[in-house]
Each structure stands twice: as structure tokens, then as C-alpha cells.
Protein chains: 2
Amino acid sequence: MNGSVASRAAQSVNETRLLDRHAQLASIGAIDPVGMNRQALTDADIEARRLVLSWAAERGYGTAIDDIGNMFIRRPGRDESAMPIVTGSHIDSQPAGGPFDGAFGVLAACEVLEALEDAGIVTERPVEVAVWTNEEGSRFQPTTMGSAVFAGQLPLVEALSATDTHGISVGDALERLFRELPIPDGRELRAPFAAYLEAHIEQGPLLESAGIPIGVVTAIQGLRWFTVRVDGETGHAGTTPRSRRRDALVAAVTMVGRLSQLMDDPGDVVRFTVGRFEVEPNSPNTIPGSVLFTIDLRHPDANVLAALGDQVDGICQANAFGCRVSVVETMNAAPTVLDAGISQVIRAAATDVGLEHMDIASGATHDAKYVALTCPAGMIFIPCRGGVSHTVLEFASGEHMVAGTRVLAATTAELALG
Amino acid sequence: MNGSVASRAAQSVNETRLLDRHAQLASIGAIDPVGMNRQALTDADIEARRLVLSWAAERGYGTAIDDIGNMFIRRPGRDESAMPIVTGSHIDSQPAGGPFDGAFGVLAACEVLEALEDAGIVTERPVEVAVWTNEEGSRFQPTTMGSAVFAGQLPLVEALSATDTHGISVGDALERLFRELPIPDGRELRAPFAAYLEAHIEQGPLLESAGIPIGVVTAIQGLRWFTVRVDGETGHAGTTPRSRRRDALVAAVTMVGRLSQLMDDPGDVVRFTVGRFEVEPNSPNTIPGSVLFTIDLRHPDANVLAALGDQVDGICQANAFGCRVSVVETMNAAPTVLDAGISQVIRAAATDVGLEHMDIASGATHDAKYVALTCPAGMIFIPCRGGVSHTVLEFASGEHMVAGTRVLAATTAELALG
């Protein structure tokens, strides 16, 4: 750790500027009485982008945009041919979301450039802010669209043809964005980064529970989805003895109970959810003939995720109670392990700034997931109240926003010094 | 057991006549290709009643009808002032039912009168066939309407005002019945019986499984219904640790699992069914915020039913997993214990006729349930294929129909001799 320079960057984070800008950005797309509706490529998103670009213009930073609308703001380095250190997130929101999810990471990134400037730090590498298009996937599917296209994981033409409920395509919406935004330069997709950093609210309760302001994200969880169908036999609730029943509900609840026990890890890292559970014919005095239920299983460790997920079918089949059981895996997304070296720099930066930190796995997905396929990547989490997000009640304190931004500034400085 | 006379009655049961009449009755309201739609007080029901009355007329038996349309056919006894032995059932059907449910008991009862006649047996008491109105409750609710009104458990005016989906009332439909049927005599409600016997298909699988042709029904099960509501908290499936969850589904499946264990009696007498189970918001990646499920619990022994049912609330509350749990009992119908003395006469009759028998509790309800409130009552079950009823696939063999009718004849003779 180049302690003195990184510390100076962290100390130059300006709390007033950061929170003022947060308030400005939060006013665009605000819904009454609280909350945020700033879906991707809407008027509100365009206005928010214009605001962010105005901050860049004040400092004379270069700005660029790529074909999917991802925006980049560049503070030059001593070696302009070197790959940049990039930090950012997104400023689109859920239709009834809050002003912290994504926006905090963009605000923190902008503040890092200002802090470096104010501290008079000349970095070896350029430092860039990235504003990714359509992370939320509310108006246009899929989620993390901009970063997926950037990373070559989603074909541009496919993304451009996605339409909203009014039939407007991403391509149409982007044309309007390009027309209205004063961004001079184009930027090729998959431009190489030296490293990527993303600051974000946790969207879960772990940091708040632990009373720790900084989460060092070591991984973004992997996810496996299953649909289990149990086919038994309907019958009269009054006349059919247990020994003659093939009760799909008794089988299904037993499966869920056994699976729930299997997933009960001492460290409370496994995420196991049966969210959908449907019974036919669903009548009080008829033995259920069939049940369909879903399993959402997540873990940051690919081996654990594989080991647990691979037991689902066996446990269901072993508790069939005479029913036919079919288990179909509908999704299997591997965990993203973030760069260990960068995580170590983040830990050192937090220690340097004097902030407690803990390692954490991200339960939700982020743009960093795709960017991590192209360069070493790290994420910094700050607590959010009650662990809630994707709701108008989403809240993060100014103190935590400043803390996260200071750690991001120190980490960026350290990585950019060369 | 007055062996010789009872045996003669049983031996006089005429298989050809019984099965011919079954075929005649089954043709009225038959649906294509199989099954029966002969709902209460429809044209088909009236035609079927007319057929039964025509059999009575051939023998010159007296016929009577009461204000709810229950019909009685009387073979006189030596002492016409003595209370009759009555046997019967119903001839209305489910909209997609079979020709055995109810109809078998009426056919068997009619055959008992013929057999007594053919054997030249003069009974001390009169013997009557009862044909109860609207047992099924498909067209007009509630079920077992005629016997409930007969037994004073349902006010006549209330029954008369029940309407079908076309707005036709029971009163209107009965007026038409009275006009069209050639029945001379009125009969008061709650006319006293010395005893009541009902033969019926089991509508469950126990006799078929055991390979035993005669069930001696000792009780009609009691029934308790509960609705359990579990209120937890929705949350993000990816970010919320188990320790922070109040997952209504995990709580509910644990409750059902524990209850299912509690209800698992070695004798397989308890009937425990969770037929309805509904989850909100029922989305794969959202922790369920609430679950509502129903419990249908039945047992022939009032004490066991009370003991088991009274544990439902405690078991649900003990497995709340932090959720709010409300348990509401929506029905509590006591078991009907049939007369032990009559059951003993039925057992002796079966033995006398040379038929294997076993004691059995009725899972479904029957007219005997209400009639048993007014006089000693017994029921005789015969097997039905696969244990199914209330479906067009309902089937009972001629052999079993004859067997049940012979036992009914012997029992009736024994009781009517005085």
C-alpha cells in the first residue's frame, strides 16, 4: 500500500459535495413521497446522465459512450497509453426503487476523480468513471444489459432489439439518448481495463447486523434454479386411508423439509428459497393430486453450490411417497469470484482509512459480474437500512456513503499509481 | 339370532330380480358412455321414484311421502301399531356419479321386502323401505337434506327455500313431484322407527383391499376443519440470510410435516388431509410472506378426534419460525356411533349367511347419520372397485350386491320378528 498517497485521496473525499450531488441525482425520477423511478433510457435516465456529464464538464474531463450507451468519464494519467482503472455502477432504477442502488457507486466514482484532483495526485494510469446502461432490467430485459454487452456476453444486436411494454426498442431509445446527450466521443465495446471497482449498497442485512461499515466482496453468488413436479393421486379426504394415498402435498412438504435441513449450514452462507408452491386441485377435502414447487439455491463457492444442488433430485426422489417426481434444473449460473489481489487492496485501504471491514459474498448480481470476465475486479459494499433494496424504503446513511467512497478513493489511487 | 327365519329371508333374495332392477334404475339418468346424472327432484329423479313405486304397487304395498319428499313403502307386520323396521338410502346422484351410490341401498331394501314375501315370512313389526330426498346436495344444498329434515336437524322451511343455480327452489320442485307421483298417503316428519338399516357401497378401498364382502359400519367419522394462516416477511432470495428470514413457507411445511407425523396412527384410522395450500407472493426468487393452508381431520372416535384436533393449534404455534400464526376451526362435526346391538345383529347375520365381514368406519356421510339421532341404526357396506365413488367409474359387482342384500335381509328379518 502506497499509504501516504492513497490516504490523501481518501481524505480528500468531500462529504458535502458527495451528499449534495446525491441529493441532486436523487431528485431526478423521484416519486412521491419517497423512492425512485428512473428506469433505463427514460427521460429521467437521460436527465440524470446529463447531470453526471455536467460534473465531468466542470473539470474538463473527457467523456465517451459506446454502442449500448455505457458512458465513461476519464481523468488522464501520466501514461495515457496505459489501461485505465475504471470504477462505476449504474443510475437506472427499479420502477419503485430507491436512490442508492447503483447511484451510490456512480456518485462515489465521480467523487474519487474529484478527490484525486483536489489532492493534486497524478496517477500513472488514467482513472475512469463507468455508468453502465440498464442494470436493473425493469424496462428492458435482461438485467445488467450494458455490462453484458460490454463484456461480449450478450450480442449487441440482441440487446438493441429488446422492447419495453410500449414496443419501444433499446435501439430506438438509444438513438434518442445519443441525440440528446452532449457526449463527443464514441468508445469501442470491450475496451480493456487494468482493473474495475464497484461500490454499492449491500442490499442485504449482514453489514448492518455486524455493525461494520465496509464489506469486501469476495464473490457474487452462483445460482441454481429447479422446478420440482410431484404427481400423486387425488382422492376423497374422508375415505382414503393413509396407506392407500399418494398425496402429492405430503410428499412435497417432506421434500422441502429435508432440503431445508440439508441447506442449514452453520455459517449461514447458503441461500435456499422455495418461493413458488402450487397445489392441484387445491380443495380442502380432496387429497392433492399434484404439487409444483421451485427451488432458488445460491452460494458463492462453486463447489458447495454444485454439491448441494446435485443432491436436490435424490432427496426429492427419496421422499416421493409413491408419487412420480420430476426435477428440472432451469438455471445454473456459476459464482463470480472477484480478484483476490484487488480484495486485498480494498482491505488494506479500509484499514488505512481506519474503517472496520469484513468479507462478504454478494447475494444480488451486479455489473461487476460481467466486467470481471474482462479484467481483475473488486466490489465495496456499504450497509443499507434493514438490508432492504428494490423498494422505496431503501436507505443508506451519509456516513456510510462517505466511508465507502473513502475506501474506493484509496483503492483506486493505489491501483492507479502503477 | 332367529337363525332359521333370518336364513330363509337371506336365501330368498333373488339375484336376477335384484340385478334386473338395478339395470332398470341405472338406465334412468344414465350418461354416455358411463355414469349417472340423476340429481335430486329432476325429471330423472321423479322417473326413478316412479319406477320404485311401481315395484311396490305390484305387491300392493302402501306408499307414503312426507313434506320434504322422503318416500316410504310399507310391508305390513302382524302388529301394525308397532314401530317399523326401516331400511333404505337415496336414489339421487352426483352430476357425474355412478349408479351404485345410494341406489344400491334402495334396491337392496326393496329386495328385502320381496324376499320376505317370497319366503312367506310374517314379521311382527312392519318393514319399510325409505327413499331419502337429496342426499347428494349437488343441485340443492345442504347434503342429506331429506334425512336432516326428517330428524329435525334442518328446519323444513329452510330446506324448502334452498334454490338451484336456475333459481328453482326445493319447494317448487317438490310441488311438481307431488303432482306427478302417484303416492296416496302423507306421512308426518319424524315418524318413529324401531330401527334403521342402510346398505351402501363403501366409497373407500378397505373392503376391496381386505378381500372381504361385508363391512359392519360401527361409526360415521367425525370431522374437524381448520384454516391455518402463517404470516412472515417477504425478502430477496439472494441476499437474506436464513437467520434473518421469517419464511412463511418453511414454517408451514414444518407444521404440516409435524402434524402429519402426529396423525400417523398404526391402525390407519385417522384421516388427515391438507388439501389447500396457497403461497404469497408465490414468486421463485422471493421469500414467501404468507401461506394459508387447510386441515381436514376425521376420526370415528369423538375422544380421538378431540385429542388430535386440539393439538393442531399448539403444533402450528410451536413451528412458527418467527411468523405470526392463526389457526381457525371452521367445522367441528361429532362422529356418529351406530348402535352396537344392531351392529352385532349384522355380524351374526353375515356369519349366518356365510359371508366374511369386518368392522369399518364410514369416511363419508350418509342419511343414517341423521336417522341415527331418532332410533337405533346400523349400516352394511359392500366393496366398490378401487374404492372410488362420486365418479362415473364407480362400480360394485353383482356378487357383492347380492351378498350385501342377503345380510340386509337376514338382519331386517331378525329385527322385525319382534
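This is a predicted model: local features need pLDDT of at least 70, side-chain atom pairs count only at pLDDT 80 or more; totals for chains, interfaces and linings use all residues.
Local features need pLDDT of at least 70 and side-chain atom pairs count only at pLDDT 80 or more, while totals for chains, interfaces and linings use all residues. Side-chain values use heavy atoms, without hydrogens and water, residues are numbered from 1 along each chain as its sequence is written, and chains are lettered from A in the order in which they are written.

**How the chains relate.** I superposed chain A on chain B and got a rotation of 180° with 0.2 Å of shift along its axis, RMSD 0.2 Å (least squares on C-alpha atoms of residues with pLDDT of at least 70 in both). That is the relation of a two-fold axis. I then looked up which residue of chain A comes closest to the rotation axis. Val253(A) does, with its C-alpha at 2.5 Å. I also checked the interface, with contact meaning heavy atoms within 4.5 Å. The copies meet through the same surface, because 100% of the interface residues of chain A are also interface residues in chain B.

**Strand β17(B).** Helices (H or I, at least four residues) and strands (E, at least two) are DSSP runs, numbered from the N terminus. Buried means under 20% relative accessible area, exposed over 50%, partly exposed in between (1.4 Å probe, protein chains only). Six of the six residues of β17 (377–382) in chain B are buried, so the strand is largely enclosed by the rest of the structure. On one face I find Ala377(B), Met379(B) and Phe381(B), and on the other Gly378(B), Ile380(B) and Ile382(B).

Next I looked for its neighbours; strands pair if DSSP finds at least two bridges between them. Strand β6 (195–201) of chain B runs parallel to β17(B) over six bridges, and Ile201(B) stands opposite Ile382(B). Strand β7 (214–220) of chain B pairs with β17(B) in the antiparallel sense over three bridges. There Val217(B) has Met379(B) as its bridge partner.

Most residues other than glycine have a negative phi, and most peptide bonds are trans. I noted two cis bonds: Gln141(A) to Pro142(A), with omega near 0°, and Glu280(B) to Pro281(B), with omega about -5°. Pro142(A) sits in the loop between β4 (127–132) and α5 (145–150) of chain A.

For positive phi I have Leu41(B), about 65°, and Thr144(B), about 45°. Leu41(B) is in the loop between α2 (15–26) and α3 (43–59) of chain B. Is Leu41(B) buried or exposed? Leu41(B) is buried, at 2% relative accessible area. Thr144(B) also counts as buried, at 2%.
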